[in-house]
Amino acid sequence: LDVKVQLDRKRTASGKVSPDGGTVSLTSADGSKFILDVPAKALDAETTITMTAVESMDGAPLDNKTPTAVQLEPSGQFFNEMVTLTVVPAKEIPIKERVVFGYEADGKDYHLAVMDPKSKDIKIKLMRFSGAGVGSGSDAAWAANLMIQARTAETRIAHKLGEYMQAKQRGTVLGMEETDNTELFE
């Protein structure tokens, strides 16, 4: 699934991050906050990282066209260790409605994102840069997200892990019993 992303070029932040690690942060026009934590040894050399707020996104199976998201550059940059993008929406999205997603390049291969299932916060785990964020979705939107078939094996794996981790986070935050989701990996 490809989506059409419109960036807010007035809301951008850049920072140089060394192999020792670092942080880049951004506040979008609506007051949403994004914090990118790059751990030590994630980069081989000093890299300028740019974060740009997403103004709108068309074509994603979400209930709104204005998700809380950013696009990270250099697009496609791989890391030696996972980096963490923490998203703090200006307006809270109920856990039952959260759809945490990613996409490649400028909107290619939209998919569910890998995240920290033990955190109450929205902490997206990334192995490379592109776009990532959170939107809201009804049961119908969730069903549409689950039907997505990504182009590459890497993105299909990330999508399946995102599906599993988002369900696990819901169970943890809502205090529901954990279920055996091993069928997700069969």
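1. Among contacts in the chain between residues at least 6 apart in sequence, what percentage join residues at least 24 apart? The figure is 74%, where contact means heavy atoms within 4.5 Å.

2. On conventions: this is a predicted model, in which local features need pLDDT of at least 70 and side-chain atom pairs count only at pLDDT 80 or more, while totals for chains, interfaces and linings use all residues. Residues are numbered from 1 along each chain as its sequence is written, and side-chain values use heavy atoms, with hydrogens and water left out.

3. Secondary structure comprises 10 strands and 2 helices, in the order β-β-β-β-β-β-β-β-β-β-α-α from the N terminus. The radius of gyration is 16 Å, close to the 16 Å that the globule rule gives for 186 residues, so the chain is as compact as a globular protein of that length. That radius is taken over C-alpha atoms, and the rule is 2.2 Å times the number of residues to the power 0.38. Helices (H or I, at least four residues) and strands (E, at least two) are DSSP runs, numbered from the N terminus. Along its principal axes the C-alpha trace spans about 40 × 30 × 30 Å.

4. Of the 186 residues, 47% count as buried; buried means under 20% relative accessible area, exposed over 50%, and partly exposed in between (1.4 Å probe, protein chains only). The chain exposes about 9,500 Å², of which carbon and sulfur atoms supply 50%. Accessible areas come from the Shrake-Rupley method with a 1.4 Å probe, and for residues only the protein chains shown count as cover.

5. The structure holds 2 aromatic pairs. One of them, F79 with F129, is edge-to-face, at 4.7 Å centre to centre with 70° between the planes. The pair links distant parts of the chain, 50 residues apart: F79 is in strand β6 (residues 78-88), and F129 is in the loop between β9 (122-128) and β10 (131-136). Both residues are buried. Rings of Phe, Tyr and Trp (its six-membered ring) pair if their centres lie within 6.5 Å; planes under 30 degrees apart count as stacked, over 60 as edge-to-face and the rest as tilted.

6. Some backbone geometry deserves a check. Most residues other than glycine have a negative phi, and most peptide bonds are trans. The bond from E73 to P74 is cis, with omega near 15°; P74 lies in the loop between β5 (68-73) and β6. A105 has a positive phi, near 45°, and is found in the loop between β7 (98-104) and β8 (108-112). D109, in strand β8, also has a positive phi, of about 55°.

7. G171 in helix α2 (residues 153-174) is buried, with a relative accessible area of 13%. Its C-alpha is 32 Å from that of D106, 65 residues apart in sequence. A140 in helix α1 (residues 139-146) is exposed at 58% relative accessibility. A140 and E46 are 43 Å apart, C-alpha to C-alpha, and 94 residues apart in sequence.
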